[in-house]
Amino acid sequence: SEDKEQLMAATHGSWAAGDVLAAFDEHLRRTRGLCAGTRRNYGRYARAFVETVFADGLVDVAAIRGGDVAGFVGDLTRRYRPRTVELAASALRSFFRFLTVAGLRGDRLEDAVPMVPHRASGLVRHLEPGRLERLIASMDSSSPRGLRDRAIILCVARLGLRASEVTRLRLEDLDWRNATVRVRARKTGHGALLPLTGEVGTAFAGYLRHGRPDTSARQVFVLHWLRVGAPISPSIVGRAVDNALRRAGVDAPIRGANLLRHSLATDLLGRGASLREIADVLGHASLGTTGSTPRSMSRR
């Protein structure tokens, strides 16, 4: 069938909201290469915007005004937390850029999306290097589950993997000869090759040789209790981090994998890494996401 973006670029007027949003999703998939989860989030807020501005379901993109955009984001700011509003703002900017690419707008409507104000916070959202090393040193390596959890935490703290990325690691993703770890799909929609450092490699090897139950599952990390040998879920990753924090006596304002990812980003920034390099490590789809992370983490 004819590409929806080309069809929309050739014709102006009102469009059914569903057609516009379907074309936007196709643009995100084919042109931007975004993964399904990010496309769903962007589509959700784009839909909310067009349904707010065009109650009858017919979208006249030429009729969208800056006041419509500011009013929509302002309403979200009063109802939701900054992180949610930031996501909605990113979705709208992407939607408006799509309208330009499709030939339906000739201006930069994305510039009308206001910046999202951050609420002041005195919470430290990362662990300083000394506390992080204390956390890692305190982890139990005397039991099969302890070996598993140590390897999980190093995947997050040293490689910057998300909890979902840890759960999807497969045995064939560990390239021992070339010392790399393959991440098959990230939030960017693309995979990545990350270095398998000696520390992380030793943790993997210890778990695979002495801790991992006999199982036909190809996922690296599996359950050790109840459904023994079944792949773990992201909640197991968060639980491993929380248990390690408690064992090390570390009090942290946020929990789970994000605490360690934030700590890695802050450490890389302090060592002189660029935002682009940090975004590549963490698998962020945009520099804007990366740029907001160290600022929020640097508050005291």
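Arg 30 is exposed, with a relative accessible area of 52%, where exposed stands for a relative accessible area over 50%, buried for one under 20%, and partly exposed for values in between, as computed with a 1.4 Å probe on protein chains only. The structure is a predicted model, in which local features need a pLDDT of at least 70 and side-chain atom pairs count only at pLDDT 80 or more, whereas totals for chains, interfaces and linings use all residues. Residues are numbered from 1 along each chain as its sequence is written, and side-chain values use heavy atoms, with hydrogens and water left out.

The side chain of Arg 30 meets that of Glu 26 in a salt bridge, with an N to O distance of 3.8 Å; a salt bridge is taken here as a side-chain nitrogen of Lys or Arg within 4 Å of a carboxyl oxygen of Asp or Glu. Both Arg 30 and Glu 26 belong to helix 2, where they stand four residues apart, about one turn of the helix. Helices (DSSP runs of H or I, at least four residues) and strands (runs of E, at least two) are numbered from the N terminus. Glu 26 also forms a salt bridge with Arg 29, at 2.9 Å from N to O, and this pair, three residues apart and again about one turn of the helix, likewise lies in helix 2, which covers residues 17–32. Arg 29 counts as partly exposed, its relative accessibility being 42%, and Glu 26 is also partly exposed, at 23%.

A further salt bridge joins Glu 110 to Arg 108, with the closest N and O atoms 3.5 Å apart. Within this pair, Glu 110 is buried, having a relative accessible area of 7%, while Arg 108 is exposed, with a value of 55%. Under the stated rule, the count of salt bridges comes to 19. A network of salt bridges links Arg 170, Glu 172, Asp 173, Arg 182, Arg 184 and Arg 218.

Asp 173, a member of that network, is also in contact with Thr 180, contact meaning heavy atoms within 4.5 Å. Thr 180 is placed in strand 4, which spans residues 180–183, and this residue counts as buried because its relative accessibility is 17%. When neighbours within four places in sequence are left aside, the contacts of Thr 180 also include Leu 174, Asp 175, Leu 193, Leu 194 and Leu 196.
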